[in-house]
Amino acid sequence: MNDNLDMIYGIHPVQEALRSKKRNVTQLYVSDSKAGHRAVEDIIRLAKRQNVKIDRIDNKTLDRLTRNANHQGIMAKIQPIKMMKLSNAIYEADGNKKDLWLAVDEMTDPQNLGAIIRSAACLGFSTIILPNRRTVGITPAVYKVACGAIENINIVEVANLSAALTDLKEEGFWIYGADMAGKSITTMDYASPAVLVSGSEGFGIREKTAENCDEIISIPQKGGVESLNASAAASIIMYDMMAKVQLKK
């Protein structure tokens, strides 16, 4: 697998990669145990139309190649994700006064990151900013949880999140940081274009990151109930932002 290609697995991620055609899928691996499975056969037909090489292998080999991940009997080799430069993403967003972005501050759990990316794409967020250090990055596990949503959203990688937020503020973006100590989202009337900053599991956003936010916001929760995890909290706030911003004239 040392060919500078990404590896993705799972029915929905592989299917979305083939449908979007944003990245070239070079090879498809299908477990013999999935012969005749409707969704897998649909993927095979897509792959054949794009002249993708298809290999039938046994399930044990597929387990080894994916390191015993939940591959659902299918895996693909694909061109790496092309990370977008912040300046290019800002240029692309120019003029869209309702543009919504998500920034992730040092998130290390692939399940949370994958779920947040999926929610962001579903809720109309155009761009996700990821620090290139102390963040899990776009791994096969993140891709699997995101169910292919990564193909439908811009991914911007930055060396310094605080500096990136400063640049965005200078370009007219409003920055909202998610933290349990913030103002309730029920009181918020979001300005846009806007960036929501979601923090790491258990620690929230860093103090330096919070200093670059225009507002710190939170979800009101009932007492005695364990707090929401990072992906669930971010999804609720993203929906609130999307609904309120889109209603504006």
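Predicted model: local features only at pLDDT ≥ 70, side-chain atom pairs only at ≥ 80, totals over all residues.
The largest pocket has a volume of about 390 Å³. Its lining comprises 21 residues, and those nearest the centre of the pocket are Ala178, Met180, Gly204, Leu228 and Ala233. Strand 8, strand 10 (215-218) and helix 9 (230-247) are the elements that give two or more residues to this lining. Helix 9 supplies the largest share, four residues. By class, the lining of the largest pocket holds 10 nonpolar, nine polar and two charged residues.

The second largest pocket has a volume of about 340 Å³. It is lined by 15 residues, of which Lys22, Ile81, Lys82, Ile153 and Asn154 are the closest to its centre. Seven residues of this lining are nonpolar, three are polar and five are charged.

Helix 9, which contributes to the largest pocket, was then considered along its length. The helix has 18 residues and spans 26 Å from its first C-alpha to its last, close to the 26 Å expected at 1.5 Å a residue. An α-helix has 3.6 residues a turn, so residues three or four places apart point the same way. The buried residues of helix 9 are Ala230, Ser231, Ala233, Ala234, Ser235, Ile237, Met238, Asp240, Met241 and Val245. Among them, Ala233 is also one of the residues nearest the centre of the largest pocket. The buried residues of the helix pack against strand 5 (100-104), helix 5 (110-122), strand 8, strand 9 and strand 10. Of these partners, strand 8 and strand 10 also give residues to the lining of the largest pocket.

The model contains two aromatic pairs. In one of them, the ring centres of tyrosine 176 and tyrosine 190 lie 5.2 Å apart and the ring planes meet at 85 degrees; because planes over 60 degrees apart count as edge-to-face, the pair is assigned to that class.

How values were computed: Residues numbered from 1 in each chain as written. Heavy atoms only, no water. Phe/Tyr/Trp six-rings, centres within 6.5 Å; stacked < 30°, edge-to-face > 60°. 1 Å grid on protein atoms, 1.4 Å probe; cavity = no way out; pocket = protein on both sides within 12 Å on 5 of 7 lines; lining within 4 Å. Points joined across faces, edges and corners; volume = space filled by probe spheres on them. Nonpolar A, V, L, I, M, F, W, Y, C, P; charged D, E, K, R; others polar. Expected span 1.5 Å × (residues − 1). Buried < 20%, exposed > 50% of the residue type's maximum accessible area, 1.4 Å probe, protein only. Contact = heavy atoms within 4.5 Å.
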